[in-house]
Amino acid sequence: MKEGVIALTKRFKVVLNTKWCKSCGICVEFCPKKVFEFTSDGKVRVMREEMCVGCRSCELRCPDYAVEVREGEEE
Amino acid sequence: MLDIKKYLRLSKLPHIWCPGCGNGSVVRALIMAVDKLGLSKDEIVLFTGIGCSARTNVIVDFNTIQTTHGRTLAFATGFKLMRPDMKVIVITGDGDGAAIGGNHLIHAARRNIDITTILINNSIYGMTGGQYSPLSPQGTYATTAPYGNIEPSFDICKLVEAAGATFIARSTVYHIQLTADLIAKAIAHKGFSFIEVVSQCPVGYGRRNRMRTPYEMLMWQKEHAVLVQQAQRYSLEEMKDKFLIGELFVNKEKREYTELYEELRRKLAEGGEG
Amino acid sequence: MSLKEDVRFMQGNEAIAEAAILAGVRFFAGYPITPATEIAEMMALRMPQVGGVFIQMEDEIASIAAVIGASMAGFKAMTATSGPGFTLMQENLGYATIVDIPCVIVDVQRGGPSTGLPTLPAQGDVMQARWGTHGDHPIVVLCPATVQEAFELTIEAFNISELIRNPVILLSDAVVGHVREKVTLPDPSRIRIVNRRVTNLPPEQYKPFAAGPDGVPDFAYRGKGYRYHVTSNVHDEEGFPATYNHKVANELIRRLHKKIEFYRKEITYYKTYRVEDSDVLIVAYGCTARSAKDAVNMLREGGIRAGLLQLQTLWPFPGEVVEGYAKRAKVVVVPEMNMGQLVGEVERCICRKAVRINRVDGKMISPWEIVDAIKEVFSHA
């Protein structure tokens, strides 16, 4: 780990509880890094977890409490 | 970081609301407020009435009581008078609170009883499938307004202010952090506090009113809400299709009802005439 | 320690208020309506004196709602009204029955329908008291004929309400409500007071709507870890909506009714007068029973062996009691200040026609009317 690049190397785990998720698409739209995507059958899935910057907009806005952003290991 | 699960009844999830419904977010805002204030789950009684808004207290682990349509504030008044030590919160909707419950709302406000009322305004009767309410804007469509709603709507915050409430605020689901902050202020306020939360019903309202997704509805909220501190930047003309959010009215002078009653009892006990 | 009886000259409505306080009521919510208003006025005066709360609500719907709210907080609560207000209370009355919340509702009957005869007596709410709210619900209705009975039955109304955790209706009328009579108030220590059963289970084991053999669940006060849910929907034992569960719905509704059946004997009150050898049995209740009693004496003076069965519990209808006393009677007479409401129940239980005496003009049925009606029957026999 080098000093000064912590923000860039911080990793986040984006956990989607598919039992609670109703695929309303709010997280898909609000995520600034396009972490979420609709699958071809209309389900929301975490597609680019590595892009997550930890803004937690998805977690805050999910009306179904189905998204959780956890701080992961730093590289 | 807030652990929301600490406040939820996990066995009652997923909740019954439609995809993109704002109710879940209002519950989150309430939990954020309770967490911020450091209140215990035991000291909160969350009352609801009938409709989609009434299902909010199924999923939270407070003392929860769902009552009849519109009458929630009357039930809550009886409870609060006997248990003034508890934090009594009411969640209602635009139909439950402004139509069938309108009379109880203005009288609870007039008494200035220490109850916090959160009115989720999604402009529609959701549970019964999309009928217009007294807060549905004129010209919008509903299953009972197939040619467009010809009725003018209430400004429910102004109504409650005129009735005598002492803390009044408005927010939206889009502005969820503001909503949480205002709910916290409302709960901390001694007296009748009222927050209107403009919310989205994608299925019952959006679909019929040219907003196809929950996201579009949230963006509508963002674009039409003006923070009360920034209102002077807008002309009257510009404000026509907008609404104010934030703390709209506070009165810290008016005496609270349960306190006045306690004072009356104390005077009687001391041998006075009340 | 010497017991102290207190003899007073009291109005019926006043006796109800005083009895309620002795029974432990600490919350009253009401709305002005003739001929029940004196109860609210008394409570406005007395509640703050005894550490309770009086509140005048915006209407009768709110009044009963506040009463139920206070009872859900764990306190004995009541409201008082008359026919029009009682009609407004019906929805929330049903709410109290489905969530097992005790409360007492006084209906001081006046002439109806609608505004009707606001200041004059009637007995037109007998069926409203039983079936006013929608759906199959349990209910108990007590009916006093004198100020003394108004006092005693008010205490019993609270006791029954707490025992079975259900609303109890005290069905008074404008005569009993406004008449002033001698009342003997018992020494407070001699008054039997029943309080709702409170759970001794810890919160994690407590199920708010689980009940034993009597069908009555145990209560838990709020604020002490018992964060249970209450809903007016059909609900499971934990209190959560179960609106697509036929089994739960069936069990809940049957449990609610079981409460009444289990305690039926204890909640059945009636009085008899000269029934031992009666050929004529008058079945009466409320203010009409006063005239019926006089009629019994007048008939006996004229050689007709008459007796009175005065029903104090109207619902659950004491069918077996009526059947038993009617057995030896050649004629059963039911005078009522309505078009004939309880007579149907009487006839159903005795399996034959009863003689009906009905009056709906706001005047009491006089003893002479009852005597004449019975003499008329005998003249054709």
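The legends below describe close-up views of a predicted three-chain model.

Local features are reported at pLDDT of at least 70 and side-chain atom pairs only at pLDDT 80 or more, while totals for chains, interfaces and linings use all residues. Residues are numbered from 1 along each chain as its sequence is written, and chains are lettered from A in the order in which they are written.

**View 1. Chain A and its elements.** Chain A has 3 helices and 4 strands, where helices (H or I, at least four residues) and strands (E, at least two) are DSSP runs numbered from the N terminus. Their order along the sequence is α-β-α-β-β-α-β. Of its 75 residues, 31% count as buried; a residue is buried if 20 or more other C-beta atoms lie within 10 Å of its own, exposed if 12 or fewer, and partly exposed in between, with C-beta atoms placed from the backbone. Among contacts in chain A with a separation of 6 or more, 53% join residues 24 or more positions apart. Two residues are in contact if their C-beta atoms, placed from the backbone, lie within 7 Å.

**View 2. Chain B as a whole.** Chain B contains 9 helices and 8 strands. The C-alpha trace spans about 65 × 45 × 35 Å along its principal axes. For 274 residues, a compact globule would have a radius of gyration near 19 Å, and chain B agrees because its value is 19 Å. This radius is taken over C-alpha atoms, and the globule rule is 2.2 Å times the number of residues to the power 0.38. Buried residues make up 53% of the 274 in chain B. Of the contacts in chain B with a separation of 6 or more, 66% are between residues 24 or more positions apart.

View 3. Helix 9 of chain B covers residues 257–269, and its 13 residues should span 18 Å at 1.5 Å a residue. The expected span is 1.5 Å times one less than the number of residues. The end C-alpha atoms of helix 9 of chain B are 19 Å apart, which agrees. Just after this helix, B:Gly271 has a positive phi of about 95°.

**View 4. The packing of helix 1 on helix 6 in chain C.** Two packed helices are described by the angle between their axes and the distance between the axes. Helix 1 (residues 12–23) and helix 6 (residues 147–164) of chain C have axes that come within 8 Å and cross at roughly 35°. Axes are lines fitted to C-alpha atoms, for helices over the stretch in contact, and angles run from 0 to 180 degrees between N-to-C directions. The contact involves, among others, C:Ala15, C:Ala19 and C:Leu22 of helix 1 of chain C, and C:Phe151, C:Ile155 and C:Phe158 of helix 6 of chain C. By class, this contact has 11 nonpolar, 2 polar and no charged residues. Ala, Val, Leu, Ile, Met, Phe, Trp, Tyr, Cys and Pro count as nonpolar, Asp, Glu, Lys and Arg as charged, and the others, Gly among them, as polar.

**View 5. The contact between chains B and C.** Of the 2 pairs of chains that touch, chains B and C have the most contacts. Here 36 residues of chain C are in contact with 32 residues of chain B. Elements supplying at least two residues each on the chain C side include strand 2 (27–30), strand 3 (53–56) and helix 4 (83–98) of chain C. The largest share of that side, 9 residues, comes from helix 3 of chain C. The chain C side has 21 nonpolar, 9 polar and 6 charged residues.

**View 6. The contact between chains A and B.** Chain B gives 14 residues and chain A gives 13 residues. On the chain B side, helix 1 (23–37) and helix 7 (214–224) of chain B are the elements that give two or more residues. This side divides into 9 nonpolar, 5 polar and no charged residues. No contact joins chain A and chain C, and their closest C-alpha atoms lie 19 Å apart.

**View 7. Backbone exceptions in loops.** Most residues other than glycine have a negative phi, and most peptide bonds are trans. The bond from C:Thr34 to C:Pro35 is cis, with omega near 0°, and C:Pro35 sits in the loop between strand 2 and helix 2 (37–46) of chain C. The bond from C:Trp315 to C:Pro316 is also cis, with omega near 0°. B:Arg210, in the loop between strand 6 (193–198) and helix 7 of chain B, has a positive phi near 60°. B:Arg210 counts as exposed because it has 10 C-beta neighbours inside 10 Å. C:Arg274 has a positive phi of about 55° and is partly exposed, with 15 other C-beta atoms within 10 Å.
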